[in-house]
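Visitor: I am new to this structure. Please pick a single part and give me a close look at it, then show me what lies around it.

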Amino acid sequence: MPLQFTVQSLLSRNTLGLPAQAAVAVLDNEADIPGLCDVVRGASHTGQGRVDSAVQAMPPLFVLGGGSNVVVWPSPRRRVLRVALRGVRLLDETADHYLVEAAAGESWHDFVTYCLAQGWHGLENLALIPGTVGAAPVQNIGAYGLEMDQRLHSVVAWDLRAGRAYTLLPQDCGFAYRDSRFKRDGAGRWLIVRVRFALPKAWAARLDYPDLRSHPALQGASPTPADVYAAICDIRRRKLPDPAVLGNAGSFFKNPLVSADQAAALRQRFPGMREYPQPGGQVKLAAGWLIEQAGWKGRRLGPVGMHRRQSLVLVNHGGAQAGDVQALARAVSQAVWDRFGVCLDQEPVALD
Ligand code: EPU
């Protein structure tokens with residue numbers, strides 16, 4: 001039987017806690033994907049060899065994981081495919097690596113925790129990031145000195161338009177800071193089903209990030225993977241609001257990249273500016289710092305606001321809709337533009 005779309009509430013399926021009703025199908029079996037491709041490609045016939053025009057006109061599918069990076073509008077036109085594929089397994093073990101595969105619908109944090117318990121180390125710096133395994137390559141999740149592509153072996157994904165599955169190596173995925181080809185190639189094209197990680201047997205703590213280096217749990221001579229995991233969880237819990245308590249989608253903006261010249265000019269005017277020189281010569285600015293300086297830290301606009309401890313996180317104080325989120329995002333970007341002449345890019349994608 002082909003996948004059935006039924007109208008459902010998405011309120012508890014997006015971490016900003018925005019109300020929405022959408023046509024949703026749940027994918028829990030890879031065997032259903034070829035039939036789904038037919039629908040997406042408009043190749044589903046009405047029985048007399050006629051292509052059903054309603055199907056042809058269907059807007060691209062929206063692939064939903066944990067809903068932690070999405071602004072959901074009240075009545076999206078797009079149909080939603082909720083990925084609920086499960087399973088984690090050790091695929092192979094070489095002299096240097098464990099090759100571990102996780103299905104797209106697994107919780108990212110539970111996967112990191114499971115790997116640690118099995119002795120497969122290397123993902124600790126990415127503990128407690130909300131969302132699913134399948135969403136991780138889409139925006140190349142990164143935190144505390146590690147980006148996911150540094151541990152990635154390959155991604156198994158269906159090109160829904162071509163109607164076939166591919167195994168993509170990291171160099172095929174076009175990874176950059178918070179970006180990948182899965183984002184750039186257009187809405188509803190890729191459906192990630194499994195992600196494989198090569199986890200090094202020779203583990204070394206990654207403690208480049210200042211908050212991490214100074215954490216009390218990591219002052220000993222040789223911190224273990226469990227120490228790093230505990231420190232990361234502690235730092236995140238202190239700094240970032242728990243979406244189960246206060247709706248949010250993590251960082252709402254990317255840290256902007258500017259030219260070395262622009263950074264130098266800004267540094268003259270704002271000596272305390274937080275900046276990180278990048279390998280190609282550009283400079284990454286801390287969006288949280290820009291937003292705080294522009295007066296938005298802890299400030300509200302209607303039912304939404306920027307968080308009081310980390311101003312890069314937009315929070316729902318209760319009862320917000322997508323329009324409230326958009327109004328605040330515009331006001332904050334405008335304030336940063338007016339003060340610094342720097343453009344902020346929104347991270348969460350719109351489901352509309
Ligand atoms: N800062 C301020 N005011 C604020 C927030 C931050 O001045 O309100 C300053 C901090 O003092 C620090 C700098 O900005 O000097 C950077 O702040 P932080 O270490 O909190 O990291 P971030 O750059 O704001 C990024 C990621 C986070 C990730 C952390 C740690 C992006 C868009 N965000 O935030 O990712 O956890 O680094 O690696 O790159 C997420 O994606 O949801 C997320 C939380």
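Guide: Helices here are DSSP runs of H or I with at least four residues, strands are runs of E with at least two, and both are numbered from the N terminus. Keep in mind that this is a predicted model.

Let us take helix 9. It covers residues 322-340, which makes 19 residues. From first C-alpha to last, helix 9 reaches 27 Å. That is close to the 27 Å expected at 1.5 Å a residue.

Now look at what helix 9 hides. Its buried residues are Ala 322, Val 325, Leu 328, Ala 329, Val 332, Ala 335, Val 336 and Phe 340. Look down the axis: these buried residues fall within an arc of 155°, so they line one face of helix 9. An α-helix has 3.6 residues a turn, so residues three or four places apart point the same way. Turn to the other side of helix 9, and Arg 330 and Asp 338 are exposed.

What covers the buried face? Helices are part of the answer: helix 7 (260-269) and helix 8 (287-293) are among the covering elements. Strands take part too, including strand 4 (70-72), strand 17 (300-301), strand 18 (304-306) and strand 19 (313-316). Just after helix 9 comes Gly 341, with a positive phi of about 65°.

Stay with strand 19 for a moment. Asn 316 lies in this strand. Asn 316 is buried, at a relative accessible area of 7%. A polar atom of its side chain lies 2.7 Å from the backbone nitrogen of Gly 318. Leaving aside residues up to four places away in sequence, Asn 316 touches Leu 16, Gly 17, Leu 18, Leu 246, Gly 247, Pro 303 and Val 304.

Next, a loop residue. Leu 10 sits in the loop between strand 1 (6-9) and strand 2 (21-27). Leu 10 counts as buried because its relative accessibility is 2%, under the 20% cut-off. Its contacts beyond four places in sequence include Leu 18, Val 72 and Leu 351. Leu 10 and Trp 73 are 63 residues apart along the chain, yet their C-alpha atoms are separated by 9.9 Å.

For another helix, go to helix 1 (residues 33-40). Its buried residues are Ile 33, Leu 36 and Cys 37. Just after helix 1, Gly 42 takes a positive phi of about 70°.

On to the cysteines. A disulfide needs two cysteine sulfur atoms within 2.5 Å, and the count here is zero. Cys 115 shows why: its closest cysteine sulfur, in Cys 233, is 14 Å away, too far for a bond. Cys 173 is in no disulfide either, as the nearest cysteine sulfur, that of Cys 37, is 18 Å away. Cys 115 is buried at 1% relative accessibility, and Cys 173 is buried at 0%.

Last, the ligand. It is surrounded by 24 residues, and the closest are Tyr 144, Arg 178, Tyr 209, Glu 292 and Ser 311. A polar side-chain atom of Tyr 209 lies 2.6 Å from a ligand oxygen. For Ser 311, a side-chain N or O atom is 2.6 Å from an oxygen atom of the ligand. For Lys 297, such a distance is 3.3 Å.

Notes. Residues numbered from 1 in each chain as written. Predicted model: local features only at pLDDT ≥ 70, side-chain atom pairs only at ≥ 80, totals over all residues. Heavy atoms only, no water. Buried < 20%, exposed > 50% of the residue type's maximum accessible area, 1.4 Å probe, protein only. Expected span 1.5 Å × (residues − 1). Arc of directions from axis to C-beta. Contact = heavy atoms within 4.5 Å. Near = heavy atom within 4 Å. Polar contact = N/O pair within 3.5 Å; in protein donor to acceptor, adjacent residues only side chain to side chain.
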